[in-house]
Amino acid sequence: MYLTIFLVPMMIIPVVIGYDFSMLLIDTGPLNSVLGLLSGQDIRIRWLSEYRAAQVAVVLADVWQWTPLTFLILVSGLTGLPPDPVRAAQVMGATRWQVFRHVQLPLLKPVIVIALVVRTMEALKIFDLPMLLTQGGPGNATETLSIFLWRNAWVFNKVSYAAAASLLVLVLFSAVIFPSIWLLRRERAALEADGPRRR
Amino acid sequence: MTRRQVAFGVFRHVVLSAWTLIVLFPVAWMVLTSFKDAGDWVSWPTRWFPFLDFEPTLLNYRQIFYIGGTTASGELRREASEQAYAIWKGVVDSGVIVTIASLASLGLGAALAYAISRFRTGGRNYPYTILTVRMLPPIVIAIPMLIYYTSLPEFFRTVFNVRVAFFDTHHGLILLYIVTTLPYVIWMMLAFIDAVPRELEHAARLMGASRLTTLRVVVFPLVASGMAVTLLFVFILNWSEFLLALTLTQPNVLTLPVLLNKFQSAVEGRLYGPQAAIGTVVTLPVVVFGLLIQKHLVKGFSFGMIRR
């Protein structure tokens, strides 16, 4: 039941999320209204037109959309854990928290690393949300790499400049990609070596 | 002990319910707004409840599903909030492109994954090499792709003496979508195919079945559900793809995200009502379909990076 609901944000297309959050975040919008109800004051944060607030807004939207993915990865990792160590710990009288903290969490480490790597890769490419919410503004508050390239190519019409920049981005990214692939491989190998898997 | 367990159970549900609220809040707001008339979109204090705070209306839906040129009632209205915003073009274009691209990508990817799984095609590192394609920001590909697509017709004309266009065409976008989603398909299908025991195939082969018959009769039924999940995933990816479509199409081909973006930026003063209606309409089929096969989702969405 909860699982089903938690997956919904991931299935909404980013453009629609852009729409949706621009509705939520207007200064007379429901988010300020809820915050006002909770704090008892009249809150009018101008989410999309103030420097810090715009950054927070983009982060909020992105977290809202992609938490389900990490959630899914972790759930499938958790259900895939070998049952024997948990049972052994229970037999030895460990509480639920102890089982989680000292048995399941260490076993889950490869999965956590994988989730982290996957999410980082995706987050580095972020384009749709800042594009739709703020167009990279106000000023350059939410100008991510992708937005920077896009702006230079199509707004300022400096296509060759943008092409050169994207080559540089390519080089920079490979500096991130190769270590993360190495990490991914290592953690996967650790996962495979984790004794008998349940099927 | 039992009291602690009860407390834990309550705590657990409180946390989960809180997160449920957070997840559903934006969705609920979108659905609500889609039933509001122009005056209620941004009013303060916020109007929460239909019938109590505001009168629900279907006007927004009439606007976006309107067939023909002008407005719901036939003549062009003065107010921007009363004009028609037909989304049919976007729906058709997106539908055609995404369906063909996803199916083609699934077919190719499944075959590739089979080759990699059974014959170690390309060596041990090959799947990871493929994954690097997916990690690049698409904007890096977009600019060269644009130049490539505009110069490719020239090449075809001089070498093969045929006229083909790639920029702003359906097949141009389809080809690109196949390429960009292939890594995901390969990775997901790899996990599903690896889970099929080789012994089954060996047995079929021993009994005299050809390779293709083995594939069709033994392997395919076992990975069919996996293929369905992969298809859904690729479909969502393509359905929501925005950047490449924005760069490589318009005005002939208009996919939904690009069309929606136009509504967002073109009109003075945002039209939250029709936007919310479009959002609801676009989201609903995917969510329903996703919920139908959600059992398989947990397995599929983790990209086969975690084997179960």
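A residue is called buried if 20 or more other C-beta atoms lie within 10 Å of its own, exposed if 12 or fewer, and partly exposed in between, with C-beta atoms placed from the backbone. This tour concerns a predicted model, in which local features need pLDDT of at least 70 and side-chain atom pairs count only at pLDDT 80 or more, while totals for chains, interfaces and linings use all residues. Residues are numbered from 1 along each chain as its sequence is written, and chains are lettered from A and ligands numbered from 1 in the order in which they are written.

**Stop 1: a loop residue in chain A**

Select Arg46(A), which lies in the loop between α4 (30-39) and α5 (51-79) of chain A. Helices (H or I, at least four residues) and strands (E, at least two) are DSSP runs, numbered from the N terminus. Arg46(A) has 14 other C-beta atoms within 10 Å and is therefore partly exposed. Setting aside residues up to four places away in sequence, Arg46(A) touches Asp27(A) and Ala53(A); two residues are in contact if their C-beta atoms, placed from the backbone, lie within 7 Å.

**Stop 2**

Next select residues 83-91 of chain A, which form helix α6. How many of the nine residues of this helix are buried? The count is zero, and α6(A) is hardly covered. Just after α6(A), Gly93(A) takes a positive phi of about 90°.

Axes are lines fitted to C-alpha atoms, for helices over the stretch in contact, and angles run from 0 to 180 degrees between N-to-C directions. The crossing of α6(A) and α7(A) is right-handed; a crossing is left-handed if the near helix is turned anticlockwise from the far one by less than a right angle, and right-handed if clockwise.

To see the contact, display Pro85(A), Val86(A), Ala89(A) and Gln90(A) on α6(A), together with Val99(A), Val103(A), Gln104(A) and Leu107(A) on α7(A). By class, this contact has six nonpolar, two polar and no charged residues. Ala, Val, Leu, Ile, Met, Phe, Trp, Tyr, Cys and Pro count as nonpolar, Asp, Glu, Lys and Arg as charged, and the others, Gly among them, as polar.

**Stop 3**

Move to Asn157(A), in the loop between α9 (145-155) and α10 of chain A. Asn157(A) has a positive phi of about 60° although it is not a glycine. With 9 C-beta neighbours inside 10 Å, Asn157(A) counts as exposed.

**Stop 2: where the chains meet**

Show both chains. The contact takes 55 residues from chain A and 53 residues from chain B. Which helix of chain A gives the most to the side that touches chain B? Helix α10 (residues 159-192) does, with 12 residues. That side of chain A divides into 41 nonpolar, eight polar and six charged residues.

**Stop 3: chain B and its domains**

Chain B contains 12 helices and zero strands, and 39% of its 308 residues count as buried. An automatic or database domain assignment gives domain 1 (2-82) and domain 2 (88-301) in chain B. Across the boundary, 14 residues of domain 1 are in contact with 11 residues of domain 2. On the domain 1 side, α1 (2-34) and α2 (59-64) of chain B are the elements that give two or more residues.

**Stop 4: helices α7 and α8 of chain B**

Select residues 198-206 (α7) and 211-240 (α8) of chain B, which pack at an angle of about 140° with their axes 10 Å apart. This angle makes α7(B) oblique to α8(B). Their crossing is right-handed.

Finish at Val196(B), in the loop between α6 (170-194) and α7 of chain B. Val196(B) is partly exposed, with 19 other C-beta atoms within 10 Å. Leaving aside its neighbours within four places in sequence, Val196(B) is in contact with Val219(B), Leu222(B) and Val223(B).

Notes
Angles under 35 degrees count as roughly parallel, over 145 as roughly antiparallel, 65 to 115 as roughly perpendicular and the rest as oblique.
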